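Dear colleague,

I am handing over the structure that we spoke about, and below it you will find some notes on what turned up in it. Please read them with the model open beside you.

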Amino acid sequence: MSEDGILNYNVAANVVGAARRKGLIMNIKHCFLNNQETGRQGVSTWCNEQAIREIYLRPFEGALTKGRGLGIMTSYNRIGARYAATHEPLMMNVMRGEWGYKGLIIDDALTGSNTSNYSNGPAMLACGTDLFCLDGGRGSQLKQWVEQNDDLTILKHLQRANKNIMYAISRSWMGGIRISDDDIQESMNPWWKKTINGTVISSSVISVALFGIYVFFEVKSKFGPVEE
């Protein structure tokens with residue numbers, strides 16, 4: 001939004017917070033230091049920690065803390081010498097630790113394999129990546145990796161990733177929950193849900209009534225009227 005870290009913090013917090021109050025998940029991108037398009041896959045970006053915390057991480061911090069965001073996307077570039085989607089200090093120590101973030105983390109759309117030096121599936125999982133963007137083959141690759149190597153550590157990371165994804169979905173419109181203006185979770189019950197629920201209940205009542213009538217007449221026809 002701007003080059004000012006504080007302004008970005010507040011803008012991101014308000015935009016994401018407003019979407020969250022409607023039950024939406026916003027995947028904020030790209031986290032972080034993704035400041036060029038040329039050679040952005042593989043480029044190494046360097047910065048000192050003070051500038052990172054005061055400028056470049058501030059909008060993401062606002063989105064995930066004050067805005068209570070549920071989704072964030074990493075970037076293509078390396079942070080220092082480490083691919084952003086395998087950057088454990090950023091994702092596990094800062095996001096999950098300092099910020100207390102519980103939503104999902106998705107990588108940017110970069111296909112690869114579990115033996116790739118850059119986009120390595122097990123390394124991405126171990127460092128906090130929960131979901132792979134537009135990479136339909138990654139799931140079968142990870143399954144094969146676990147089975148071939150009897151890798152229970154990666155299996156544990158897969159369970160954690162699924163928990164994070166389900167946590168985010170369960171607290172979105174799909175899960176029937178949003179955040180109200182006073183920052184308290186409340187249930188959502190839109191008109192279409194009421195219509196579906198009403199239709200199901202009405203159909204069930206009618207079905208039970210018709211079944212009862214059917215049973216009544218079947219019994220009556222079998223035994224006939226009772227003679228005095």
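Is I169 buried, partly exposed or exposed? I169 counts as partly exposed because its relative accessibility is 28%, where buried means under 20% relative accessible area, exposed over 50%, and partly exposed in between, with a 1.4 Å probe and protein chains only.

Before going further, please note that this is a predicted model, in which local features need pLDDT of at least 70 and side-chain atom pairs count only at pLDDT 80 or more, while totals for chains, interfaces and linings use all residues. Residues are numbered from 1 along each chain as its sequence is written, and side-chain values use heavy atoms, with hydrogens and water left out.

I169 sits in helix α7, residues 152-170 (helices are DSSP runs of H or I with at least four residues, strands are runs of E with at least two, and both are numbered from the N terminus). Leaving aside residues up to four places away in sequence, I169 touches I25, M174 and G175, a contact being heavy atoms within 4.5 Å. Between I169 and L70 there are 8.5 Å in space, C-alpha to C-alpha, although they are 99 residues apart in sequence.

Turning to the rings, there are 2 aromatic pairs, counted when ring centres of Phe, Tyr or Trp (its six-membered ring) lie within 6.5 Å, with planes under 30 degrees apart called stacked, over 60 edge-to-face and the rest tilted. Y83 and Y118 make a tilted pair, 4.4 Å centre to centre with 35° between the planes, and both Y83 and Y118 are buried. The pair F216 and F217 is edge-to-face because the planes stand at 80°, with ring centres 5.3 Å apart.

Best wishes
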